[in-house]
Amino acid sequence: MLRWNLFIKYITAGCVLMLTTLSCTSTGLPVRTVSTEKCGDFKNLLGNLRELLRLRSDVLCHGIASDTMEVRTTSDTVLACAPILTQNSSCMMQRNSSFNESKCLTNIMKDLAHYDAAIKSYINSSLRSPEEEVALRPTLGIIQSLMKNCFLMPNGVNNSSEEDAAQMWGYDTFSNRQKMCKKMRGFHVRTITINRAMGYISSGEHRK
């Protein structure tokens with residue numbers, strides 16, 4: 001009986017650990033990315049950011065620690081766009097049907113508006129170098145293409161982001177470049193999440 005009780009406790013602990021792990025890492029689930037007619041540029045955006053941070057890191061991130069980033073924290077994209085998992089009686093995980101596509105897309109749009117405003121304000125700053133503008137222009141172009149062709153802009157999103165971005169940069173060249181480098185690293189991580197979310201939405205799995 002003692003051995004049986006220990007076995008039951010072991011299984012229960014394993015289930016709890018599995019649930020905790022999956023619930024904390026649900027944003028990293030391997031959701032396949034499916035290109036759509038209007039939103040396929042999300043793949044291009046991810047590729048562009050990889051190139052910006054790897055092949056052109058000497059322009060934007062030279063002299064900045066490689067393990068630092070700044071992820072936008074006022075957005076609910078990670079939670080809103082993650083497939084929701086629930087527990088069933090056999091200690092397995094099943095997806096809940098309460099995924100809110102509209103909320104997910106709205107948060108993605110807010111992210112795009114934020115980074116669009118941040119990059120535009122940085123480019124318009126007198127303290128950035130011409131090389132930095134050249135490096136960031138393609139990223140800005142892809143973002144604006146997505147905003148124009150893929151989504152309808154929620155009322156007020158763009159204006160509020162532009163107002164916030166105007167206060168983002170200081171009067172020190174290195175500090176501004178460091179901040180932009182960290183923001184682009186964070187944007188790269190967020191774009192991975194967005195690509196997975198768009199693939200999930202395109203697959204139609206949440207409607208089943």
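Mentor: Start with V59, which is buried, with a relative accessible area of 18%. The cut-off for buried is under 20%, so V59 falls on the buried side of it. Keep in mind that this is a predicted model.

Trainee: Where is V59 placed, and which residues is V59 in contact with, leaving aside its neighbours within four places in sequence?

Mentor: V59 sits in helix α3. Leaving aside neighbours within four places in sequence, its contacts are E131, E132, A135 and R177. Take E132 from that list: V59 and E132 are 73 residues apart along the chain, yet their C-alpha atoms are separated by 6.1 Å.

Trainee: Is Q178 buried or partly exposed?

Mentor: Q178, a residue of helix α8, has 25% relative accessibility and therefore counts as partly exposed.

Trainee: What share of the contacts with a separation of 6 or more joins residues 24 or more positions apart?

Mentor: The share is 82% for this protein. As for burial, 39% of the 208 residues are buried.

Trainee: How many helices and strands are there, and in what order do the elements run?

Mentor: The protein has eight helices and two strands. From the N terminus on, the order is α-α-α-α-β-β-α-α-α-α.

Trainee: How do I read a pair of packed helices?

Mentor: Two packed helices are described by the angle between their axes and the distance between the axes. Here, take α5 (residues 101–123) and α6 (residues 130–149): their axes come within 10 Å and cross at roughly 150°. An angle over 145 degrees counts as roughly antiparallel, and α5 and α6 are therefore roughly antiparallel to each other. The crossing of α5 past α6 is left-handed.

Trainee: Which residues make the contact of α5 with α6?

Mentor: On the α5 side they are M109, L112, A113, Y115, D116, I119, K120, Y122 and I123. On the α6 side they are E132, E133, L136, R137, T139, L140, I143, Q144, L146 and M147. By class, this contact has 12 nonpolar, two polar and five charged residues.

Trainee: At what angle do α2 and α6 pack?

Mentor: They pack at about 165°, with axes 10 Å apart. That makes α2 roughly antiparallel to α6. The crossing of α2 past α6 is also left-handed. The α2 residues in contact are D41, F42, N44, L45, N48, L49 and L52, and those of α6 are A135, L136, P138, T139, I142, I143, S145 and L146. The classes here are 10 nonpolar, four polar and one charged.

Trainee: Which residues touch the most other members of the largest nonpolar core?

Mentor: That core has 43 residues, and F42, L45, L136 and M184 touch the most other members. Two or more residues come from each of α2 (41–54), α3 (57–60), α5, α6 and α8 (173–203). The element that gives the most is α5, with 11 residues.

Trainee: What does L136 touch, not counting residues up to four places away in sequence?

Mentor: L136 touches L52, L60, I119, Y122, I123, M180 and M184.

How values were computed. Residues numbered from 1 in each chain as written. Predicted model: local features only at pLDDT ≥ 70, side-chain atom pairs only at ≥ 80, totals over all residues. Heavy atoms only, no water. Axes fitted to C-alpha atoms, helices over the stretch in contact; angles between N-to-C directions. Parallel < 35°, antiparallel > 145°, perpendicular 65-115°, else oblique. Left-handed = near helix turned anticlockwise from the far one by under 90°. Contact = heavy atoms within 4.5 Å. Nonpolar A, V, L, I, M, F, W, Y, C, P; charged D, E, K, R; others polar. Core = buried A, V, L, I, M, F, W, Y, C linked by side-chain atoms within 4.5 Å. Buried < 20%, exposed > 50% of the residue type's maximum accessible area, 1.4 Å probe, protein only.
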